Amino acid sequence: MILASASPRRYELLSECGLDVRVLPADIDETRLDGETPVDLVRRLAEGKAHEAARAYGKPLDDALVAADTIVWDDGGDVLGKPADKSDATRMLQVLSGVTHHVSTGVCVMVPSEQGAHESSFVETTDVTFRELTEAEIKAYVDSGEPMDKAGAYGIQGLGRLLVSRIKGDYPNVVGLPVMRTLQEIDRLNGNEALVIAALGGKHA
């Protein structure tokens, strides 16, 4: 599988399923368009990254390609990206404290075919609720350094899990990739269940 992302978390999620993953990061302009919803944004970015990675591959695809983009957003539609500094991380965590927010991942998959490539995209959204955080807790977490390269200023797979009171939806999606739905979509385009069966059986695919 070709992963059009430099995210170590996405790489780990796919590798844990026994997949042989090749990394081919794709850089595109991620500026949000006027009037664009968070869901529309992540779908567009995932599709753009997939197309850029396929172009950079330099030859017809010989394996499935996966591109993804994950964002954190609130009920007002405001997107919380990676914090610029500690002050920004503190502000984001104060916003998220005690409320439910949304984590959406846009995914675009391409699979090789005799006609070139079949393509499909989707968006998975998980609702995450933080408990009420104290100023001391926020400061301690920010000082740990973990928030600085994470959308929304937290990582649920790390110390950030201690901030969360509950989630509704797909947990791996919050980490960075809705793995099972991604594998199901690739299998659907291929007309089989090969990846899902291999992953569930712990077999290399």
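**Exercise 1. Find which side chain is joined to that of Asp 69 by a polar contact of 2.7 Å, and describe the surroundings of Asp 69.**

Solution. The side chains of Asp 69 and Lys 49 are joined by a polar contact of 2.7 Å, where a polar contact is a pair of N or O atoms within 3.5 Å, one of which, within protein, must be able to donate a hydrogen and the other to accept it, and where residues adjacent in sequence count only if both atoms are side-chain atoms. Before going on, note that this is a predicted model, in which local features need pLDDT of at least 70 and side-chain atom pairs count only at pLDDT 80 or more, while totals for chains, interfaces and linings use all residues. Residues are numbered from 1 along each chain as its sequence is written, and side-chain values use heavy atoms, with hydrogens and water left out.

Finally, leaving aside residues up to four places away in sequence, Asp 69 touches several residues, among them Arg 10, Glu 30, Lys 49 and Ser 104; contact means heavy atoms within 4.5 Å.

**Exercise 2. Decide whether Trp 73 is buried or exposed, and find its polar partner.**

Solution. Begin with the position, for Trp 73 lies in strand 3, which covers residues 65-73. Its relative accessible area is 15%, so Trp 73 is buried. The side chain of Trp 73 makes a polar contact of 2.9 Å with the side chain of Ser 104. Then compare sequence with space: Trp 73 and Val 103 are 30 residues apart in sequence, and their C-alpha atoms are 6.5 Å apart.

Beyond residues up to four places away in sequence, Trp 73 also touches others, including Pro 38 and Val 79. Turning to Pro 38, we find this residue in helix 2, residues 38-57, and with a relative accessible area of 7% it is buried. Apart from residues up to four places away in sequence, Pro 38 touches Arg 32, Ile 71, Trp 73, Gly 77 and Val 79.

**Exercise 3. Describe how helix 3 and helix 4 pack.**

Solution. Two packed helices are described by the angle between their axes and the distance between the axes. Helix 3 (residues 86-96) and helix 4 (residues 135-143) meet at an angle of about 135 degrees, with their axes 10 Å apart. This angle makes helix 3 oblique to helix 4, because angles under 35 degrees count as roughly parallel, over 145 as roughly antiparallel, 65 to 115 as roughly perpendicular and the rest as oblique. The axes are lines fitted to C-alpha atoms, for helices over the stretch in contact, and angles run from 0 to 180 degrees between N-to-C directions. As for the residues, helix 3 contributes Lys 86, Ala 89, Thr 90, Leu 93 and Gln 94 to the contact, and helix 4 contributes Ile 138, Tyr 141, Val 142 and Asp 143.

**Exercise 4. State what the phi of Ala 153 is, and where this residue is found.**

Solution. Most residues other than glycine have a negative phi. Ala 153, although not a glycine, has a positive phi of about 65 degrees. Ala 153 is found in the loop between helix 4 and strand 7 (164-168), and its relative accessibility of 0% means that it counts as buried.

Note on methods. Helices (H or I, at least four residues) and strands (E, at least two) are DSSP runs, numbered from the N terminus. Buried means under 20% relative accessible area, exposed over 50%, partly exposed in between (1.4 Å probe, protein chains only).
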